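This report describes the fold, the packing and some backbone features of one protein model. Please consult the sequence and structure below while reading.

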Amino acid sequence: MLRIFTGALALALTFIGITAAPARADMDIYTTPGEHVSGGREWRTWCEPYSQTARCTTQIKSGGDWVFNNLTYLPSPRELWASNPLGTPGEHKVAGRTWRTECDTARTGRNGCRSYLWNGKQFVFNNIVHFGTIRTDLGALYGYRPAAGPAPTRDTMGTTQQMRGPNHGDKVILTFDDCPKSLDAFKATVKAVADAGVRLALFPTGNCLTAGRFDVSYALKHGHYVFNHSISHPKLTTVSYAEAVRQLGAPGVVTTWGRPPYGDYNASVLKAYKAVGMQAWLWNLDTLDYRKKSSSELISFVVSHAKAGDTVLMHMQWHGFNGPTVAAMKDGLKARGIGVCANNGPVSPKPTGPLDC
């Protein structure tokens with residue numbers, strides 16, 4: 001199941017110094033990142049990872065301000081939207097709000113859905129979901145962001161999503177999920193990255209700790225944050241509330257922040273995080289390293305696409321998790337004037353407040 005994004009947030013951003021290019025006749029302004037002029041109006045669109053596909057946010061300039069227009073979810077298999085109100089026809093009550101979704105109608109076409117949110121007077125259009133094959137070029141869509149940083153999306157379901165989590169500054173934080181190939185590989189990388197002056201955020205599973213391939217104390221001692229990633233990596237949206245709470249406990253890391261497996265969550269999952277004293281932290285930039293990208297491909301992607309303040313997603317079992325690769329990412333970003341989270345020594349197992357970078 002795809003995660004349900006949350007929050008009803010302010011939309012307007014100050015946007016200075018960029019001239020919008022005329023939209024090509026064959027271009028979809030809702031799924032093409034950048035600034036465009038169409039129908040005599042100025043538009044801008046940016047995309048971000050959303051579970052296995054991408055979600056694009058489109059704004060239109062009105063009265064000098066950028067205001068929300070709609071969300072577009074790029075194609076993904078219909079079955080991934082099972083039980084998700086954005087992909088299920090009918091009216092739905094979520095976190096006290098009423099949504100109406102229509103699918104496969106004359107308005108939506110045969111492979112899509114449109115959702116509307118009740119604003120107290122009427123249903124207002126909010127988003128489009130496309131069904132189909134996941135695009136192979138998603139990574140190329142994530143490079144553009146508005147100059148002032150992306151505005152939060154409008155009316156999505158539940159409470160506010162924390163894409164950046166505790167990373168409140170302008171440093172890029174490199175984060176790694178799951179489990180390294182061996183304890184020796186883990187220790188070698190943790191030390192090499194610390195020696196390079198970089199602080200990572202690591203999200204091992206409880207099963208990884210039980211298997212002896214991750215040493216929490218060793219990581220903390222070498223200046224890296226260690227956060228929760230469940231015990232056995234289920235989609236928390238598919239298990240009961242009680243099971244979600246259990247998955248967020250020992251033998252997983254018991255701390256202040258956690259990352260839901262696959263980035264999937266809903267109101268029940270967020271409630272489980274709150275119950276165990278944690279907050280959910282996702283990411284701004286997905287490297288898609290699990291597609292067996294080489295170290296050089298990952299370096300190029302991160303250096304080219306990461307923006308100040310981004311949280312970058314990688315995995316400990318793939319080719320980004322080694323000292324030389326992380327050091328090269330640091331050097332490449334530095335050449336662009338972007339810093340990575342600096343290693344200032346040992347950290348607390350239950351850190352509070354913004355990251356120390």
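## Basis of the description

The model is predicted; local features need pLDDT of at least 70 and side-chain atom pairs count only at pLDDT 80 or more, whereas totals for chains, interfaces and linings use all residues. Residues are numbered from 1 along each chain as its sequence is written, and side-chain values use heavy atoms, with hydrogens and water left out.

## The parallel sheet

An open sheet is formed by 5 strands in the order 12-11-10-16-15, with parallel pairing. Strands here are DSSP runs of E of at least two residues, and helices are runs of H or I of at least four residues, both numbered from the N terminus; two strands pair if DSSP finds at least two bridges between them. Strand 12 and strand 15 are at the edges, each with a single partner strand, so one side of each lacks a neighbour in the sheet. Strand 11 (residues 201–204) pairs with strand 12 in the parallel sense over 2 bridges, and Ala201 has Tyr225 in strand 12 as its bridge partner.

Strand 16 pairs with strand 10 (residues 173–178) in the parallel sense over 5 bridges, with Leu313 as the partner of Thr175. Strand 15 (residues 285–286) runs parallel to strand 16 and is joined to it by 2 bridges; Asp286 stands opposite Leu313. From strand 15 the chain passes through helix 6 (residues 295–305) to strand 16, a right-handed β-α-β crossover. Right-handed means that, with the strands pointing away from the viewer, the path from the first strand over the helix to the second runs clockwise.

## Burial of strand 16

In strand 16 (residues 311–315), 5 of the 5 residues are buried, so this strand is largely enclosed by the rest of the structure. Buried denotes under 20% relative accessible area, exposed over 50%, and partly exposed the range in between (1.4 Å probe, protein chains only). Thr311, Leu313 and His315 point one way from the strand, while Val312 and Met314 point the other way.

## Nonpolar cores

A nonpolar core is a set of buried Ala, Val, Leu, Ile, Met, Phe, Trp, Tyr and Cys residues joined through side-chain atoms within 4.5 Å. The largest has 48 residues, of which Leu174, Phe176, Leu200 and Leu202 touch the most other members. Another core, of 14 residues, lies apart from it and includes Phe68, Leu71, Tyr73 and Leu117.

## Helix 5

Val269, Ala272 and Tyr273 are buried in helix 5 (residues 267–275). Viewed down the helix axis, the buried residues fall within an arc of 100°, so they line one face of helix 5; the arc is that of the directions from the helix axis to the C-beta atoms. Their cover includes helix 4 (241–247), strand 13 (257–258) and strand 14 (279–280), where contact means heavy atoms within 4.5 Å. Lys271, Lys274 and Ala275 are exposed on the other side of helix 5. Gly277, with a positive phi near 80°, follows the helix.

## Backbone features in loops

Most residues other than glycine have a negative phi, and most peptide bonds are trans. His233 has a positive phi, near 65°, and is found in the loop between strand 12 (225–226) and helix 4. Phi of Lys292 is also positive, near 65°; Lys292 lies in the loop between strand 15 and helix 6 and is exposed, with a relative accessible area of 62%.

Ala250 and Pro251 are joined by a cis peptide bond, with omega about 5°. Pro251 is located in the loop between helix 4 and strand 13.
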